[in-house]
Amino acid sequence: QVQLVESGGGLVQPGGSLRLSCAASGFTFSSYYMSWVRQAPGKGLEWVSSIYSDGSNTYYTNSVKGRFTISRDNAKNTLYLQINSLKSEDTAVYYCAKMIGDYLDSWGQGTQVTVSS
């Protein structure tokens, strides 16, 4: 029933930007804490960013602070991740996740971000 559909990924040169989107349905989006997580080739899942249900508080892992911005539009049931100053190390599949406390309750199919010159 819960559906999370990520989009906006692609192939970008170092220093470029992308805006990822996550369309949510099947639950009351405005009631849930949401996160972005990513998985680089050959590595485990890494938490990237989170945002409170009403957008009042945001959190980031140190490696993306100052470059990534998480936001949400509850009227549109959509989560966003603005990514600037992309680096090769940002190459990964990015997933949108519905949170229950500190664990991932649901997530989408992911969108591929590839940073290469």
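**Close-up views of a predicted model**

Asp90 and Arg67 are both buried, where buried stands for under 20% relative accessible area, exposed for over 50% and partly exposed for values in between, with a 1.4 Å probe and protein chains only. The model is predicted, so that local features need pLDDT of at least 70 and side-chain atom pairs count only at pLDDT 80 or more, while totals for chains, interfaces and linings use all residues. Residues are numbered from 1 along each chain as its sequence is written, and side-chain values use heavy atoms, with hydrogens and water left out.

**View 1. Asp90 and Arg67 form a salt bridge.** The closest N and O atoms of this pair are 2.7 Å apart, a salt bridge being a side-chain nitrogen of Lys or Arg within 4 Å of a carboxyl oxygen of Asp or Glu. Asp90 lies in the loop between β8 and β9 and Arg67 in the loop between β6 (58–60) and β7, so the pair ties together parts that are 23 residues apart in sequence. Strands are DSSP runs (E, at least two residues), numbered from the N terminus.

**View 2. Arg38 forms salt bridges with Asp90 and with Glu46.** Between Arg38 and Asp90 the closest N and O atoms are 3.1 Å apart, and this pair links distant parts of the chain, with Arg38 in strand β4 and Asp90 in the loop between β8 and β9, 52 residues apart. The side chains of Arg38 and Glu46 meet at 2.8 Å, N to O. Arg38 counts as buried because its relative accessibility is 6%, whereas Glu46, at 30%, counts as partly exposed. Arg38, Glu46, Arg67 and Asp90 are linked in a network of salt bridges.

**View 3. The largest nonpolar core has 26 residues.** Such a core is a set of buried Ala, Val, Leu, Ile, Met, Phe, Trp, Tyr and Cys residues joined through side-chain atoms within 4.5 Å. Trp36, Phe68, Leu79, Leu81 and Tyr94 touch the most other members, and the largest share of the core, four residues, comes from β3.

**View 4. Four strands form an open sheet with antiparallel pairing, in the order β1-β3-β8-β7.** Two strands pair if DSSP finds at least two bridges between them. β1 (3–7) and β7 stand at the edges with a single partner strand each, so one side of each is left without a neighbour in the sheet. Six bridges join β7 to β8, and the bridge partner of Thr69 in β8 is Gln82.
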